[in-house]
Amino acid sequence: MAMTDEIYRTGVIGQFSLTFEQMWKTLQEVMRAHAINEAENGSPREILKAGYKFSFLDNEEVWLQMLKDRNSAMHIYDEEAFVGVLNRVYDSYIDTFDRFAVKIRVKIQEIESEST
């Protein structure tokens, strides 16, 4: 039922987009706190690439696909493409966000440990 409910599906895509936006901005701030020069400025794509380069992210391909899906998700009018994004959210992106949350907590603790 949920996968066929238009309001539910649109809500999932909206929350995915919001979560992704907050994630890459958090990544940027934490990398800045770690004095990573590549995090000072840049597009989400550049920040994601730096995050992978410095081991803040675990799967560059998934993150770059997420960026692509975030950029297009709100403007998809093709049902097959829309369902593809929904499937990736459920099959991959939620777990990827969960792993990121664990990793970023560790990186924040590293900063806190260095300052005490």
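The legends below describe close-up views of a predicted model. Residues are numbered from 1 along each chain as its sequence is written, and side-chain values use heavy atoms, with hydrogens and water left out. Local features need a pLDDT of at least 70 and side-chain atom pairs count only at pLDDT 80 or more, whereas totals for chains, interfaces and linings use all residues.

**View 1. Aromatic pairs around Phe16.** Rings of Phe, Tyr and Trp (for Trp, the six-membered ring) are taken as a pair if their centres lie within 6.5 Å, and the pair is called stacked with planes under 30 degrees apart, edge-to-face over 60 degrees and tilted for the rest. By this rule the count comes to five aromatic pairs. One of them joins Phe16 to Phe20 in a tilted arrangement, with 6.4 Å from centre to centre and 45 degrees between the planes. Phe16 and Phe20 are four residues apart in helix 1 (residues 6-33), which places them about one helical turn from each other; helices here are DSSP runs of H or I with at least four residues, numbered from the N terminus. In general, an α-helix has 3.6 residues a turn, so residues three or four places apart point the same way.

**View 2. The ring pair between helix 1 and helix 4.** Phe16 also forms a stacked pair with Tyr93, at 5.2 Å centre to centre and with 20 degrees between the planes. Because Phe16 lies in helix 1 and Tyr93 in helix 4 (residues 79-115), this pair ties together parts that are 77 residues apart in sequence. Tyr93 is buried, with a relative accessible area of 1%. Ring pairs link Phe16, Phe20, Trp63, Tyr93, Phe97 and Phe100 into a cluster.

**View 3. The buried face of helix 2.** In helix 2 (residues 44-53), the buried residues are Pro44, Ile47, Leu48, Ala50 and Gly51. Seen down the helix axis, these buried residues fall within an arc of 165 degrees, so they line one face of helix 2; the arc is that of the directions from the helix axis to the C-beta atoms. Helix 1 and helix 3 (60-73) are among the elements that cover the buried residues of helix 2. Leu64, in helix 3, is buried with a relative accessible area of 17%, and, leaving aside its neighbours within four places in sequence, Leu64 is in contact (heavy atoms within 4.5 Å) with Arg45, Leu48 and Lys49. Ser55, which follows helix 2, has a positive phi near 65 degrees.

View 4. Helix 4 has 37 residues and reaches 50 Å from its first C-alpha to its last, close to the 54 Å expected at 1.5 Å a residue, the expected span being 1.5 Å times one less than the number of residues. Helix 4 bends by about 45 degrees at Val89, the bend being the angle between axes fitted to the seven residues ending there and the seven starting there. Lys107, found in helix 4, counts as buried at 13% relative accessibility. Not counting residues up to four places away in sequence, Lys107 touches Val30, His34, Phe54, Ser55 and Phe56. Lys107 lies over the face of Phe56, at 4.5 Å from the ring centre, under a rule that asks for NZ of Lys or CZ of Arg within 6 Å of the ring centre and within 35 degrees of the ring normal.

Technical notes
Helices (H or I, at least four residues) and strands (E, at least two) are DSSP runs, numbered from the N terminus. Buried means under 20% relative accessible area, exposed over 50%, partly exposed in between (1.4 Å probe, protein chains only).
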